[in-house]
Amino acid sequence: MCGIAGIVAHEDITAKLVDSIRNLEYRGYDSCGVALMNGSGVISVSKNVGAVDEVSEKENFLKMSGNIGIAHTRWATHGNVTKANSHPHSSGNKAFTITHNGIVSNHDNLRTELGKKGYKFKSGTDTEVIVHLIDDQFKKLGSVESAFVNAMRKLEGTYAIAMITAHDKGKIYCSRMESPLLLGVGSDANYVGSDFNAFINYTKSAVFLEDGEYAIVTHENHVVKKIATGKTVERDVQELQWDLEMAQKGGFPHYMLKEIYEQPQIVHRALDIDGAEIREMAKAAINQKNFFITGVGTTFYVAQIGQYYFSNYAGITPMVISSDEFRFLAQVDSKSLVLAISQSGETYDTLSALRHAKARKAKTAAIINVMGSSMARMVDHLVLQGSGPEICVISTKAALAQMIVLARIALEAGVMRKHITAKEAKTKEKELRKLPNAIDKLLNEQSAFIHAIAKKQSNIRHWLFLGRGRYYPVARESALKMKEVSYVHAEGMPSGFLKHGTIALIDDDLNSVVFTPTEDEKDLFKLTLSSAEEIRARNGYVLGIRFKTKLKQKLPFSDEIVLPKTPSFIAPFLQVVVAHLLSYFTATTLKRNIDRPRALAKSVTVE
Ligand code: G6P
């Protein structure tokens, strides 16, 4: 899970190439490098440990020159974070230079074979094995294309590769196997990228490669072929709908805050998704005997929220399994639907769950943000959520939009199964339409207060996030947000579970947050408050996130964030936004790296 960029033009591309990997940094940012070549056929490589701007300054990227180049920003998976392990990697004679994402599983055998032939390895990466393999094949075959393709055929595992070579000066060779890669088609240059952020500054026309394909790109044209057969593939150029401005911060200090503030608009978009698409998905869900929802990290909790909406409004309980565990647990067959939730559409674990499902002849579906992503192209049923680029590594707006889409599908399924009436569904849909304004009001009126609470409590190192019913997955997702962005330990659990062990932890260094249902949800409301009381009885601090009630008595909270009276159908979603702000402000108080938290990457494309 790293970023690859490549440009071929007839003018100098150095600054453009550095910009391209800067735009890909959210995919990984522990080291980076560039390789440039000009007419003379000499490839210069410069790389080091650190983020793009830092390494660019240290290694003088902008003093390099060339009209063809590849670049990489890395999130280490194979070999430590060192200069030697950063990309690009070159063959011993420097005639071939490549960047690579993914993991080559047979790298040990290949390394031994190449070692016997006298190849020396400078790094611990599987990538260096690939470049020596290409060099070895070239020595045998004398043609760059044959060498490249033959090397690809020998690789097992996953890869997206871009290569330049002194033996074929004006071309970028690239290939893809279960790791994203696409081409950008410009008027006077062509591009390669792990995603469109690599070249969206320069062109919006893209060509998507499929698994098992390679492409040869010159400044004027490109050709796509199959690795297995060498046959040319006709592939249309598609126009991307996103532009760079949409992806920029727009005056906010961090993308995370900008994306939190975009939520009213993003919810509108999720509500504007064509009803026919939602109905098709609902039909697919109820037509199969078994219905699974999968995702990982935030999207696992999104799936869990969906599970409650399906249970509460459609009368079915889908099996929700974290995609990293999917193949060890899910008994899928031809009578199953597996619905994947993913912002990027590229997360390896979730892709594997879909592959597992497909291999067992299950129907597949996905709710995804990134158009043209691997998952988007492999499933039988697709809903594109249309949330626009999400740049912060922490998912906020995309996750909220997915929850809304799932709630809409659950309502449709409920009507189809006659679990609720069409009239009831209409009422709930109207309530959903109130959500954008409610979020807007919350952002405008409560942010400063939430900021003050976060500041006051920022010395606390342990947090418990508690909720019951549909508020339970909200608690878990909120705890994950807190961990990801503020590095503060947080655990989410059902509030009823607390008394079965965890209550022993209550002390001065542990705060609790209680996601309180609306007063109308009588049982849930009462039960949740009794958990808060259990903590207060042990002198624990409890932050209540609750809605206005008619009650006269004080609720058992140390501090509270009180939201206006809200229909229970949309109440959990509003609390999700409160949790976004709470974790954001905790993290800014602790001076964390908000948009690029340590050790995380936006899309984890490795197992
Ligand atoms: C990574 C990110 C998580 C994200 C998960 C799923 O682990 O760090 O924040 O929730 O991937 O990503 P996806 O793109 O599939 O939604």
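Modeller: Start with threonine 298: one of its backbone N or O atoms lies 3.0 Å from an oxygen atom of the ligand. This is a predicted model, where local features need pLDDT of at least 70, side-chain atom pairs count only at pLDDT 80 or more, and totals for chains, interfaces and linings use all residues. Residues are numbered from 1 along each chain as its sequence is written, and side-chain values use heavy atoms, with hydrogens and water left out.

Biologist: Which part of glutamate 484 lies 2.8 Å from an oxygen atom of the ligand?

Modeller: A polar side-chain atom. The protein covers 89% of the 390 Å² of accessible area that the ligand has on its own (Shrake-Rupley method, 1.4 Å probe).

Biologist: How do the residues of the shell around the ligand divide?

Modeller: Into 3 nonpolar, 7 polar and 1 charged. Glu484 is in the shell, and Glu counts as charged.

Biologist: Which domains does the shell draw on?

Modeller: At least three residues come from each of domain 2 (252-429) and domain 3 (434-607). These bounds come from an automatic or database domain assignment.

Biologist: How many residues of domain 1 are in contact with domain 2?

Modeller: 18, against 16 residues of domain 2. Contact means heavy atoms within 4.5 Å. The C-alpha centres of these two domains lie 33 Å apart.

Notes:
Near = heavy atom within 4 Å. Polar contact = N/O pair within 3.5 Å; in protein donor to acceptor, adjacent residues only side chain to side chain.
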